[in-house]
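Reader: I would like to go through the labels attached to this model, with the cut-off behind each one. Please start with the terms for rings.

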Amino acid sequence: SNALHQFLEAVKITDKNPLYLYHAGMAYQKLNEKSKAIASFQKADSLLTDGKSHAFKKELAKRIEQCGQ
């Protein structure tokens, strides 16, 4: 859809926000573009360095595992 395309373009511009990358990964996952989903989830995970994001890191790991199946 056009809205999804616009969102993904925005994420490319602002690719330092882990929440945006998570949602991009979710969109790619729904489109069955698993390699792009995994890349988005992994990039989001790499940006979480504050030690306060345990639950978010766990969610990202779960999503990566789902895409690997």
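Author: Rings of Phe, Tyr and Trp (for Trp, the six-membered ring) count as a pair if their centres lie within 6.5 Å; planes under 30 degrees apart are stacked, over 60 edge-to-face, and the rest tilted. By that rule Y22, F41 and F56 form one aromatic cluster. The model is a predicted one, in which local features need pLDDT of at least 70 and side-chain atom pairs count only at pLDDT 80 or more, while totals for chains, interfaces and linings use all residues. Residues are numbered from 1 along each chain as its sequence is written, and side-chain values use heavy atoms, with hydrogens and water left out.

Reader: How many aromatic pairs does the structure hold, and what makes the pair of Y22 and F41 tilted?

Author: There are two aromatic pairs. For Y22 and F41 the centres are 6.0 Å apart and the planes 45° apart. Y22 is in helix α2 and F41 in helix α3 (residues 34-46), 19 residues apart, so the pair links distant parts of the chain. Helices here are DSSP runs of H or I with at least four residues, numbered from the N terminus, and strands are E runs of at least two.

Reader: Why is the pair of Y22 and F56 called edge-to-face?

Author: The ring centres of Y22 and F56 are 5.6 Å apart and the planes stand at 75°. An angle over 60 degrees is edge-to-face, so the label applies. F56 lies in helix α4 (residues 54-68) and Y22 in α2, so this pair ties together parts 34 residues apart in sequence.

Reader: How do you know whether Y22 is buried or exposed?

Author: Its relative accessible area is 12%. Buried means under 20%, exposed over 50%, and partly exposed in between, with a 1.4 Å probe and protein chains only. Y22 is therefore buried, and F41 is buried as well.

Reader: Why are α2 and α4 called roughly parallel?

Author: They pack at an angle of about 25°, with axes 11 Å apart. Axes are lines fitted to C-alpha atoms, for helices over the stretch in contact, and angles run from 0 to 180 degrees between N-to-C directions. Under 35 degrees counts as roughly parallel, over 145 as roughly antiparallel, 65 to 115 as roughly perpendicular, and the rest as oblique. The value for α2 and α4 is under 35, so they are roughly parallel.

Reader: What makes α2 and α3 roughly antiparallel, and which residues meet there?

Author: The axes of α2 and α3 come within 8 Å and cross at roughly 165°. That is over 145 degrees, hence roughly antiparallel. From α2, P18, L21, Y22, A24, G25, M26, Y28 and Q29 meet K36, A37, S40, F41, K43 and A44 of α3; contact means heavy atoms within 4.5 Å. S40, in helix α3, is buried at 9% relative accessibility. Apart from neighbours within four places in sequence, S40 contacts L21, A24, G25 and Y28.

Reader: What makes the phi of N32 worth a note?

Author: Most residues other than glycine have a negative phi. N32 has a positive phi of about 65° and is not a glycine. N32 sits in the loop between α2 and α3. Its relative accessibility is 55%, over the 50% limit, so N32 counts as exposed.

Reader: How do you know whether L48 and E9 are buried, exposed or partly exposed?

Author: L48, in the loop between α3 and α4, has 12% relative accessible area, under 20%, so L48 is buried. Not counting residues up to four places away in sequence, L48 touches P18, S53, F56, K57 and L60. E9, in helix α1, has 32%, which lies between 20% and 50%, so E9 is partly exposed.
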